[in-house]
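Subject: Handing over a structure

Hello,

Here is the structure I promised to pass on to you. Have a look at it first, and then read on for what I found in it.

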Amino acid sequence: MTDSGRSSRVRWHILVFLAPAVIVYTAVMIFPLFNTLRLALYTEAEQQRVFVGLQNFRTLFGDQIWSEQFWNALGNNFWFFFIHMLVQNPIGVLLAAILSHPRLRFAHLYRSAIFIPTILSFVIVGFAWKLILSPIWGIAPSLLDAVGLKSLYAPWLGKEEYALTTLALVSVWQFVGIPMMLIYAALLSIPEEILEAGECDGITGMAAFWKIKLPLILPSIGIISILTFVGNFNAFDLIYAAQGALAGPDFSTDILGTFLYRTFFGFQLQLGDPHMGSAIATAMFGIILVGVCIYLFGIQTRLRRYQF
Amino acid sequence: MTRPLIGAALLATTALTATSALAQDVTLTIESWRNDDLTLWQDKIIPAFEASHPGIKINFTPSAPAEYNAVLNSKLDAGSAGDLITCRPFDASLALYDGGKLADLTDLEAMANFSDVAKSAWQTDDGSATFCVPMASVIHGFIYNKEAFEELGIEPPTTVDEFFAVLDTIKEDGTYIPMAMGTNDQWEAATMGYQNIGPNYWKGEVGRLALIKGEQKLTDEGWVEPYRQLAKWKDYLGDGFEAQTYPDSQNLFTLGRAAIYPAGSWEISGFNTQADFEMGAFPPPVVNADDTCYISDHTDIAIGLNAASPNADAARTFLNWVGSEEFASLYANALPGFFSLSSYDVAMEDPLAQEFVSWRGKCESTIRSTYQILSRGTPNLENETWNASAQVIKGAESPEDAAKRLQDGLASWYEPQQ
């Protein structure tokens, strides 16, 4: 019995070890992805699925009602991403730089405290911030009142001009721990000898950060940027938890994720349209793919790496 | 003899209790999204039915509201759905009927106990076939804090002028927020705002049907005026109402901080437990004191027959009973705020529910204007109405612009409006 397995030269163990990952990944990632791309080319007529080629995309980009919603969502998405890049990542770098300071006390405590929101559920974050900012029960108005700045308070989540920025900042609050951790790890991996060599040449304090540490952590910042990009363009949960599927007020917080959800699954009296939904999903996939490609071929290849 | 046996045997797999049933007993299974009502069915409705109908057993098997449509569809496709199907209003159920999943119940005796408006949510577009027995509706109006009104010496208003006079009085006094409503969730503005006061302006069914036929437009006076009224509400809502959510509004009112709550009758049981002051209700105010009043008496829930049910006869017996006075009275009293749609005069104990239902006697009933047919296309009129109502209340869009936007959206896909 044992000999029959050995005599065949096929190396089964390779297949056996690869199989679980390949099967799971194919079943939950590759197949759904391609099926979604395929679904975008169909529509439903008379309760039958019919092939219509690129018609759904023509509707999405050509029809005024659809395209307006799409560009609105895309524009909001870019703003969402812009706020993250402008606020989350610089703060993340700054926090990491402070935390890696050897004389800082309670560094572990701060690190955990800043990282904890990252592991919270979106629903909890959305709900908690909705309460904090609530004009009726929230602590934001009374806190501002206590320092005499009540006039600065506005029902931010209900105002078209502030709602999206407010939600982006909530998201920054939640996820600032991730760039912090990655940069912190990168900073720790910089050998002491390099910094000491710099000191001998008279580069100390802030100059050491700008001239030695920052160039060395640039690859990490690149990775963080692309993670932020992918995460933001796939975002959905926070907006849905805080503002609902209609992404109010007046669609000012509508991003591609909520637009996709409304279209694909339907909402209230609007019945779901999986085919138009797939078209939107395909467009999202395209946007993310282009963004990642620009990063991979345009930026990452030019980053200099240093081996120690 | 064998068919009911097979049926009973099949159903026994879902209902363990059925094993002890007698051979000729038929067990009917009800699919529903009302899992909140499980105890009500088990303790009150099912015993009442089984007592008067020996030989038929009922098994109530609800699923979660958000999953109901999907679960039901897959069960119907697989042939494992129950005999009786709780029907959502309008298109969701119509699609089931068109797909041959729901049986035609037009000739059911109990249908005579329901008005045309009551049945409209579960009929084909031409009204030729009815496929679900209406169970309950919800009525819109305003709930107010009686103690606050007494304190300020004001009476519930009947006309629009009185309505705003009352709001002005409450605002001047300053103890209470005049009206508890926010625009954050958008649907309150449309459902408790526009659809609440609107029927008085578009003359209920007359306007609603004319809109469906294409004889009226959303830019007509009757459809724009409610928006002009809503635009005036802004000054009477609480600070930061733009970010106020639906639960916020409910709490503001039940904590006694707001005097008036634009409501739907489904709030009654919740408010009864939350609020420790006496509440009253008044219907949407009319323009002139002797105008006919119109109320939104919205059809919300019904029950139909699975076309593939092997126990159709027993199921029809049950459906006839659902259309009876006994059921109407049981259901309406157990769930104050969900009113029977039958033509019977159902006695209810809850004073607030009594007040709401009394309007049926003096006002004309209609349903929400956007629910039948008009929300089938893209853009979806109901969702657009949420957005427009919230925008108008916030003052971000003029009533005329909002109406024009809705009309353009509707005309883009709905032929009679083109």
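Let me begin with chain B.

How many helices and strands does chain B have? The secondary structure of chain B comes to 18 helices and 10 strands. With a radius of gyration of 23 Å, close to the 22 Å that the globule rule gives for 418 residues, chain B is as compact as a globular protein of that length. Along the principal axes, the C-alpha atoms of chain B fill a box of roughly 75 × 50 × 40 Å. Of the 418 residues in chain B, 52% are buried.

A word on confidence. The average pLDDT of chain B is 88, and 94% of the residues score at least 70. Residues 7-23 of chain B are a stretch to treat with care, with a pLDDT below 50. That stretch still has 23 contacts in the model beyond near neighbours in sequence. Where pLDDT is low, the predicted coordinates should not be read in detail. For the complex, the predictor gives an ipTM of 0.79 and a pTM of 0.82.

Now to chain A. The domain assignment gives domain 1 (12-51) and domain 2 (60-302) of chain A. Between the C-alpha centres of domain 1 of chain A and domain 2 of chain A there are 30 Å. Where do they touch? On one side, 7 residues of domain 1 of chain A are in contact with 6 residues of domain 2 of chain A. For the domain 1 side, α2 (12-39) and β1 (42-45) of chain A each supply at least two residues. The residues of that side divide into 4 nonpolar, 2 polar and 1 charged.

Finally, the place where the two chains meet. The contact takes 27 residues from chain B and 21 residues from chain A. Which elements of chain B each supply at least two residues of the side that touches chain A? They include α12 (246-254) and α17 (381-394) of chain B. The most comes from α17(B), which gives 6 residues to that side. By type, the residues of the side of chain B that touches chain A divide into 7 nonpolar, 14 polar and 6 charged.

I hope this helps you find your way around.

Best wishes

Technical notes. Residues are numbered from 1 along each chain as its sequence is written. Chains are lettered from A and ligands numbered from 1 in the order in which they are written. This is a predicted model: local features need pLDDT of at least 70, side-chain atom pairs count only at pLDDT 80 or more; totals for chains, interfaces and linings use all residues. pLDDT is the predictor's confidence in each residue, from 0 to 100. Two residues are in contact if their C-beta atoms, placed from the backbone, lie within 7 Å. Helices (H or I, at least four residues) and strands (E, at least two) are DSSP runs, numbered from the N terminus. The radius of gyration is taken over C-alpha atoms; the globule rule is 2.2 Å times the number of residues to the power 0.38. A residue is buried if 20 or more other C-beta atoms lie within 10 Å of its own, exposed if 12 or fewer, and partly exposed in between; C-beta atoms are placed from the backbone. Domain bounds come from an automatic or database domain assignment. Ala, Val, Leu, Ile, Met, Phe, Trp, Tyr, Cys and Pro count as nonpolar, Asp, Glu, Lys and Arg as charged, and the others, Gly among them, as polar.
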